[in-house]
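Biologist: Please put the chain and its model on screen, and I will ask about them piece by piece.

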Amino acid sequence: MDDSQLDLGALEDIDPSLEGGFKIQFDREIHIETRVQDANTGPQEIGTLELVRVKILVQGEQQAFENLKIELTSETDLFFNYITIINKDNYKRIREEQKLTIEYPQFLQMLIKLLNSCHKEPNHFFCVFFMQQDGAARLDFIENLEYKFMEMLSLEFSSASEETIRQNVSFRYNLMKAKLQFVQNRLNDIASLIKLKNPSLLVQINKASAGVSQNQSTQNASKYLGQSKKNNTSKFV
């Protein structure tokens, strides 16, 4: 194991999501419809389908956890960060209001099952995330029964604090930077091995790579020139 792999492992261990003894139980990107909700006019009628990273963590043992935390983040918007923490007390309220039949210890598996269904069967199960200007939000799990939409579960969220967002963005940036460095180091190792075993092959690979880069640059330039020519022509028509 090289230093890059050690750095990646060390970075993953300092994930700010794990603070307080939380352990990750689910971590996957799910397509979620997002809607901005105005206090006066209500939510948007048509939302935007976004790829949202959903992370579920528990504090304590998996079968007897004290708190369950759900984090929603996005790779396209690093400052999109919403959190909800559910314990036995507020789960009791959720269960009564939404007429759920399971106990708190089974809630984790229920959530994982719902999210996996949204991932595998998006035409039958999906999520809608409503966001308000004050940072409050709500995630609805919907089942499409063909003749109507049935809300299976609704959870309240709130926007993460500025400090939490800062820590999360910093962690994700450093992790991505370490991954890129790992890939670069691995590429250098492979190049060194090819150079040692078959130098002519490395020359051919480099020429081919340079040719692909040149063609891509030419295509981009052609598109730009074509668009510029079109724009200039339209001005004088």
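Biologist: Which residues does S154 touch, not counting residues up to four places away in sequence?

Modeller: The model is predicted, so local features need pLDDT of at least 70 and side-chain atom pairs pLDDT 80 or more, while totals for chains, interfaces and linings use all residues. Residues are numbered from 1 along each chain as its sequence is written, and side-chain values use heavy atoms, with hydrogens and water left out. Contact means heavy atoms within 4.5 Å. With residues up to four places away in sequence set aside, the residues that S154 touches are Q98, R138, L139 and D140.

Biologist: Is S154 buried or exposed?

Modeller: S154 sits in strand β8, where strands are DSSP runs of E with at least two residues, helices are runs of H or I with at least four, and both are numbered from the N terminus. Buried means under 20% relative accessible area, exposed over 50%, and partly exposed in between, with a 1.4 Å probe and protein chains only. S154 has a relative accessible area of 11%, so it counts as buried.

Biologist: How far is S154 from I142 in space, C-alpha to C-alpha?

Modeller: In sequence S154 and I142 are 12 residues apart. In space, C-alpha to C-alpha, the separation is 9.0 Å.

Biologist: In what order do the elements run from the N terminus?

Modeller: The protein has 5 helices and 8 strands. Among its contacts with a separation of 6 or more, 51% are between residues 24 or more positions apart. From the N terminus on, the order is α-β-β-β-β-β-α-α-β-β-β-α-α.

Biologist: Which residues of α3 are buried?

Modeller: An α-helix has 3.6 residues a turn, so residues three or four places apart point the same way. In α3 the buried residues are F107, L108, M110, L111, I112, L114, L115, S117 and C118.

Biologist: What is F141 in contact with, leaving aside neighbours within four places in sequence?

Modeller: F141 is one of the core members that touch the most others. Its partners beyond four places in sequence are L111, L114, L115, C118, F126, C127, M150, E151, M152, L153 and L155.

Biologist: How far apart are the end C-alpha atoms of α4?

Modeller: The expected span of a helix is 1.5 Å times one less than its number of residues. The 36 residues of α4 should therefore span 52 Å, and this agrees with the distance between its end C-alpha atoms, 53 Å.

Biologist: Which element supplies the largest share of the lining of the largest cavity?

Modeller: On a 1 Å grid over the protein atoms alone, a cavity is a set of points where a 1.4 Å probe fits but cannot get out, a pocket is an open set with protein on both sides within 12 Å along at least five of seven lines, and lining residues have an atom within 4 Å of a point. The largest cavity is lined by D15, S17, R53, K55, E71, T73, N168, F171 and R172. β3 (48-61), β4 (64-73) and α4 (162-197) each give at least two residues. The largest share, 3 residues, is from α4.

Biologist: Which residues line the largest pocket?

Modeller: α4 gives the largest share of this lining, 6 residues. The lining residues are R53, E75, L78, F171, R172, Y173, L175, M176 and K179.

Biologist: What is the phi of E146?

Modeller: Most residues other than glycine have a negative phi. E146 lies in the loop between β7 (136-144) and β8 (149-159), and its relative accessibility of 78% makes it exposed. Although E146 is not a glycine, its phi is positive, about 75°.

Key: Core = buried A, V, L, I, M, F, W, Y, C linked by side-chain atoms within 4.5 Å.
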